[in-house]
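User: I would like to learn how to read a sheet and the helices around it. Could we go through the strands and helices step by step?

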Amino acid sequence: MKQRRLGNSGLAVSALGLGCMGMSIAYGPADETEARRVLDRAGELGVTLLDTADAYGRGANEELLGGWLRGRDRDRVVLATKFGLRHDAASGRVGDVDTSPQYVPVACDASLRRLGVDHIDLYYAHRRDPEVPVEDTVGAMAALVEAGKVRYLGLSEVSAATLRRAHAVHPIAAVQLEYSLFTRDVVEGEMLATCRELDIAVVAYSPLGRGMLTGAVASRDDLTRDDNRLRWPRFSAENIGPNLELVRAVGELAATIGCTPGQAALAWLLAQGDDIIPIPGTKRVRYLEENAAAVELRLTAEQIDQLCQAVPSTAVAGERYPEQALRRVGH
């Protein structure tokens, strides 16, 4: 597994990380036994960056990772988690965003307990409450660094202006953003220019378009009733057809390259710069192995351009989030 530098931290991480959310929630029923196999295989393949959050399964995903880490060499893993999304007590769904300085240490201590570790390598604010000055949030996060509970700080789904303000308080090592052939406008342009100016890594989540770019989803019928993607606009009955046409175009190009559609999508993303670190999520060993092999692909400039042309950003149908979730991003 190749390595990439995590922004201004200087910390080396695997060029491809592992998003762990789907092991506990969102994409159909969870299988803890298989999840542990995936984590075991990730270690064998040299995948060191593991990404979770306290909101994933109301702490269940952190507990899963904590159980797997028990008895293992902690220093072989770069552990990233997030705080800030609280659950509504009545519905159990994600409710308010809380990035108040008072909540920061409370959330961190709870994550440390669930993970069973004495420090978090990369601690993100999952979303930002626009009513709370980002300087106050990052100031409280910086206190965690001083206390030895956190090594490096990150933000997720913020604007370039917010990133600059945060970085002025304490170095931000990484910003986590949705980035894929399906979602390019979030990163490309001002945000990417800002990250490169400040030497901040872009950790790209949903790099496979929530699984659609793998070609494994042929219709909505392939999704189980408890799969959250049924609520996602790009998977709606009216949008999934046009989007699958784009996936088919990627698949045709992938065949000429000699790889799967998902590998082509990941190789395209890796080719956007050494400061881009995709974290595809999976809960199956065979998909993990397929994703990891994408690191070895070397696309030509022509192939990169062809993939961009196959998925014009204006051709993707539907917003990337449902309306309520969209209100939490970009502040």
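Analyst: Let us begin with a convention: contact means heavy atoms within 4.5 Å, and angles between fitted axes run from 0 to 180 degrees between N-to-C directions. In this predicted model, helix H4 (residues 134–146) lies across E5, E8, strand E9 (150–156) and strand E10 (172–178), and the helix runs at about 155 degrees to E9. Helix H8 (residues 261–270) also packs on the sheet, where it touches strand E11 (201–205) and E12, with its direction at about 155 degrees to that of E12.

User: In what order do the eight strands of the open sheet lie, and which are the edge strands?

Analyst: The order is E3-E4-E5-E8-E9-E10-E11-E12, with parallel pairing; strand E3 (18–19) and strand E12 (276–278) are the edges, each pairing on one side only.

User: How many bridges join E9 to E10, and how many join E10 to E11?

Analyst: Two strands pair if at least two bridges are found between them. Four bridges join the parallel strands E9 and E10, with Leu 153 partnered by Ile 172 in E10, while five join E10 to E11, also parallel, where Gln 176 has Val 203 of E11 as its bridge partner.

User: What handedness do the crossovers on either side of E10 have?

Analyst: E9, helix H5 (residues 160–169) and E10 form a right-handed β-α-β unit, and the crossover from E10 through helix H6 (residues 190–198) to E11 is likewise right-handed.

User: Is E10 mostly covered or exposed?

Analyst: Buried means under 20% relative accessible area, and seven of the seven residues of E10 are buried, leaving the strand mostly covered.

Note on methods: Residues numbered from 1 in each chain as written. Predicted model: local features only at pLDDT ≥ 70, side-chain atom pairs only at ≥ 80, totals over all residues. Heavy atoms only, no water. Helix = DSSP H or I, 4+ residues; strand = E, 2+ residues; numbered from the N terminus. Buried < 20%, exposed > 50% of the residue type's maximum accessible area, 1.4 Å probe, protein only. Right-handed = clockwise from strand over helix to strand, strands pointing away.
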